[in-house]
Amino acid sequence: METLKNKIDFAVVFTAVNANPNGDPLNGNRPRENFDGYGEISDVCLKRKLRNRLQDAGEKVFVQSDDRSDDGCRSLRERAEKCEALKKISAGKNTSKEEYAKAACAEWIDVRSFGQVFAFKGDSVSVGVRGPVTIQQATSISPVEIIGMQITKSVNGESGKDAKASDTMGMKHRVGFGLYLAKGSINCQLAEKTGFTDEDAEKIKEALKTMFENDCSSARPDGSMQVCRLYWWKHDSKTPKYSSAKVHNTLHIQQKDPNKRPAAFSDYEITLDTLEGLEPEVFDLM
C-alpha cells in the first residue's frame, strides 16, 4: 500500500466536566494549568489515549501501558527483543539502523505514526524514528476552575507501627468545566520514511473521534470527558500552499457571554474561516 500522498491537518475540541484531564505529579496531581489559569493537557497524555484506542481496535502497539499489555511483555526492551523481524536484523554494532527502523515501523502502528527511540541499556546501537503524526498540547479556551475536595481513608494500608489512622486526610482535584482544543498534523515526507499510509490516517481519525472511550478512572469517570468536534483538513498535495499554522488559525472559538462562567459546549461560538481549495471534514460528535 502506498504511503500518504496528501498532507493532513486536524483539530479536536473536547470537554472535561468534573474530571482531572491530566494531573501534574509535581503539583499534588492537580489538573495542569498555565500561569494564566488556562488548563493544559500534555501531548504525551493525548498520544497515550490514541495508542489505547488503536490497541482496542486490534492494532499492534509498541508503547503499551503495563496494565494494558496484550503480549505478556513487561518492558519495551522485552517487546523489541521478542519481535522476530527485529531479531533477524539485529547484529550488534553492525546493525543497520535504516533496516531496523523500517522493520519496527512495519510491526507497530504507533512507531510509524508518532516515532520512537530504540535505545536500551547495554545496546551498542540506538535507533531513532521520526513519526509523521504530531500533536500539540491541548489548552482550554477559557481559564478553568480547579476544585479541591478533601477525602479520608477508611482503612489502613499497613498494620502495626507503620499504620496510620483510618481517617487519614487527602485531597482530590478536578476541573469543574473546561473546553479544550488540541491541534495536530500529519506530514507526508515523514510518512514516506515510516510507511505511514492513508489507511493509517483513517485509523488515527477514528481514534481521535473516540479518544476517551475505555479511559475511565476515579479521576475521569465515564462520560466526564467528551470529544465534541473534529476538524480534518486533507490538502491536495504533499507540500500544500497553506501552512499548518495558517490552517489551524482559521478555527475560532469564543465565549458567547464573556461575563458568564462557561459550563457547557453550547456556551461557546465556533467559526471557521475559508481557505480557497481547502474544505475540512467536520465531525460533530455531541
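Me: I'm new to this one, so is Y180 buried or exposed?
Reply: In this predicted model, Y180 has a relative accessibility of 0%, and because buried means under 20%, Y180 counts as buried.

Me: And what about F14, buried or exposed?
Reply: F14 is buried, with a relative accessible area that also comes to 0%.

Me: How many aromatic pairs are there?
Reply: The count comes to 8 aromatic pairs. One of them joins F14 and Y180, whose ring centres are 5.6 Å apart and whose planes are at 5°, so this pair is stacked.

Me: Where do F14 and Y180 lie?
Reply: F14 belongs to strand β1, which covers residues 8-19, while Y180 belongs to strand β10, which covers residues 169-186, so the pair ties together parts that are 166 residues apart in sequence.

Me: OK, and how do F14 and F212 pair up?
Reply: Those two form a tilted aromatic pair, with 5.1 Å from centre to centre and 55° between the planes. F14 lies in strand β1 and F212 in the loop between α7 (198-209) and β11 (225-234), so here the parts tied together are 198 residues apart in sequence.

Me: Is F212 buried or exposed?
Reply: F212 counts as buried, because its relative accessibility is 11% and the cut-off for buried is under 20%.

Me: Changing topic, which residues do ring pairs link into a cluster?
Reply: The cluster linked by ring pairs is made up of F62, Y100, W108 and F118.

Me: Last one, what lies over the face of F283?
Reply: That is K209, placed at 3.9 Å from the ring centre of F283.

Definitions and conventions. Residues numbered from 1 in each chain as written. Predicted model: local features only at pLDDT ≥ 70, side-chain atom pairs only at ≥ 80, totals over all residues. Heavy atoms only, no water. Phe/Tyr/Trp six-rings, centres within 6.5 Å; stacked < 30°, edge-to-face > 60°. Helix = DSSP H or I, 4+ residues; strand = E, 2+ residues; numbered from the N terminus. Buried < 20%, exposed > 50% of the residue type's maximum accessible area, 1.4 Å probe, protein only. Lys NZ or Arg CZ within 6 Å of the ring centre and 35° of its normal.
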